[in-house]
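Student: I am new to this structure and would like to go through the terms used for it. Please show it to me.

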Amino acid sequence: MERPLKQLDRLLRQSPAERHENLFEAAMAQARSLATLENVVAVISDMTRNESRIIAGGFAKTLGLDGYEHENSIWESRILSMMTEEQQEAKVIAELRFYHLMRHLPKARRQQHCLISRLRMHTHDDRWVDVMHRMYYVHDPACDNVLYAICLYGPMMFDFKGSSYMVDMTTGIREELSAEANGAVLSRRERQVLSLIDEGMKSVEIARRLNISVHTVSRHRQEILAKLQVKNSIEACRRAKAMKLI
């Protein structure tokens with residue numbers, strides 16, 4: 001899971017070095033309240049300082065996370081290590097889809113949306129526990145960058161089909177973050193170009209097949225790498241297949 005985490009890490013940590021203390025303190029206060037009231041494990045990931053604070057509610061004892069308070073990373077590695085590699089990757093893919101869908105929303109509506117996922121964790125006493133994961137983003141008021149992510153881990157309170165949803169917390173309307181949500185990640189033309197790249201075609205051949213210029217193909221290539229947060233076409237094809245983009 002190291003590679004996918006690093007890719008999403010680069011995407012999230014595009015924030016400026018300035019730390020918004022008022023927003024950070026508000027996020028910490030909210031996390032403390034939720035951990036106390038709901039007995040969840042709350043994690044505040046600070047993109048500007050590349051660190052996380054963990055506030056342990058009562059559910060921390062069930063997971064065996066007593067004494068877990070800090071990470072020198074925006075990723076809660078101790079929690080991630082309790083999941084299989086396949087589920088870790090599925091979690092990262094859901095967060096990547098959520099990130100891109102949020103970018104398409106008007107700024108005024110972003111705070112009313114969250115990600116809800118069904119997870120399964122292996123505890124310290126050799127049990128498998130169903131866990132509900134909720135994630136909220138706190139954006140920089142001046143731009144689109146994510147400043148903080150608030151993640152909540154608690155017991156599965158109700159069952160639902162699928163594994164991850166983007167939910168409007170003001171209306172209850174939810175959108176499953178399945179392959180159908182991939183239109184927010186890559187455009188139809190970008191998926192066409194990537195499919196031909198995966199077939200082994202060169203830019204000149206792709207341009208001829210799609211009746212576009214080589215310059216346009218190159219631009220699509222760069223957009224694909226940026227949106228999927230990968231370094232080359234091989235990684236782009238691998239990530240796109242995992243996300244069922246191609």
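Student: Why is Arg53 called partly exposed?

Tutor: Buried means under 20% relative accessible area, exposed means over 50%, and partly exposed is in between, with a 1.4 Å probe and protein chains only. Arg53 has a relative accessibility of 30%, so Arg53 counts as partly exposed. This is a predicted model, in which local features need pLDDT of at least 70 and side-chain atom pairs count only at pLDDT 80 or more, while totals for chains, interfaces and linings use all residues. Residues are numbered from 1 along each chain as its sequence is written, and side-chain values use heavy atoms, with hydrogens and water left out.

Student: Is Glu51 buried or exposed?

Tutor: Glu51 is buried, because its relative accessible area is 14%.

Student: What makes Arg53 and Glu51 a salt bridge?

Tutor: A salt bridge needs a side-chain nitrogen of Lys or Arg within 4 Å of a carboxyl oxygen of Asp or Glu. The closest N and O atoms of Arg53 and Glu51 are 3.9 Å apart, and the pair forms a salt bridge. By this rule the count comes to 7 salt bridges.

Student: Which parts does the pair of Glu89 and Arg238 tie together?

Tutor: The side chains of Glu89 and Arg238 meet in a salt bridge, at 3.6 Å from N to O. Glu89 lies in helix α5 and Arg238 in helix α10 (residues 233-242), so the pair ties together parts that are 149 residues apart in sequence. Helices (H or I, at least four residues) and strands (E, at least two) are DSSP runs, numbered from the N terminus. Glu89 is buried at 18% relative accessible area, and Arg238 is partly exposed at 35%.

Student: Where do Asp130 and Arg120 lie?

Tutor: Asp130 and Arg120 form a salt bridge with an N to O distance of 2.7 Å. Asp130 is in strand β5 (residues 128-139) and Arg120 in strand β4 (residues 113-122), 10 residues apart. Asp130 is partly exposed, with a relative accessible area of 38%, and Arg120 is partly exposed with 37%.

Student: How do you know that the span of helix α5 agrees with its number of residues?

Tutor: The expected span of a helix is 1.5 Å times one less than its number of residues. Helix α5 (residues 85-103) has 19 residues and should span 27 Å; its end C-alpha atoms are 27 Å apart, which agrees.

Student: Why is α5 called largely enclosed?

Tutor: Of the 19 residues of α5, 15 are buried, so α5 is largely enclosed by the rest of the structure.

Student: What makes a space a cavity?

Tutor: On a 1 Å grid over the protein atoms alone, a cavity is a set of points where a 1.4 Å probe fits but cannot get out, and lining residues have an atom within 4 Å of a point. Grid points are joined across faces, edges and corners, and a volume is the space filled by probe spheres set on the points. The count comes to 2 cavities of 30 Å³ or more.

Student: Which residues line the second largest cavity?

Tutor: The lining residues are Tyr99, Met102, Arg103, Arg110, Tyr137, His139, Asp144 and Val146. The largest share of this lining, 3 residues, comes from α5. The volume of the second largest cavity is about 30 Å³.

Student: How much space lies in the largest cavity?

Tutor: The largest cavity holds about 70 Å³. Its lining has 12 residues, and Ser45, Ile74, Trp75, Glu95 and Ala149 lie nearest the centre.

Notes
On a 1 Å grid over the protein atoms alone, a cavity is a set of points where a 1.4 Å probe fits but cannot get out, and a pocket is an open set with protein on both sides within 12 Å along at least five of seven lines; lining residues have an atom within 4 Å of a point.
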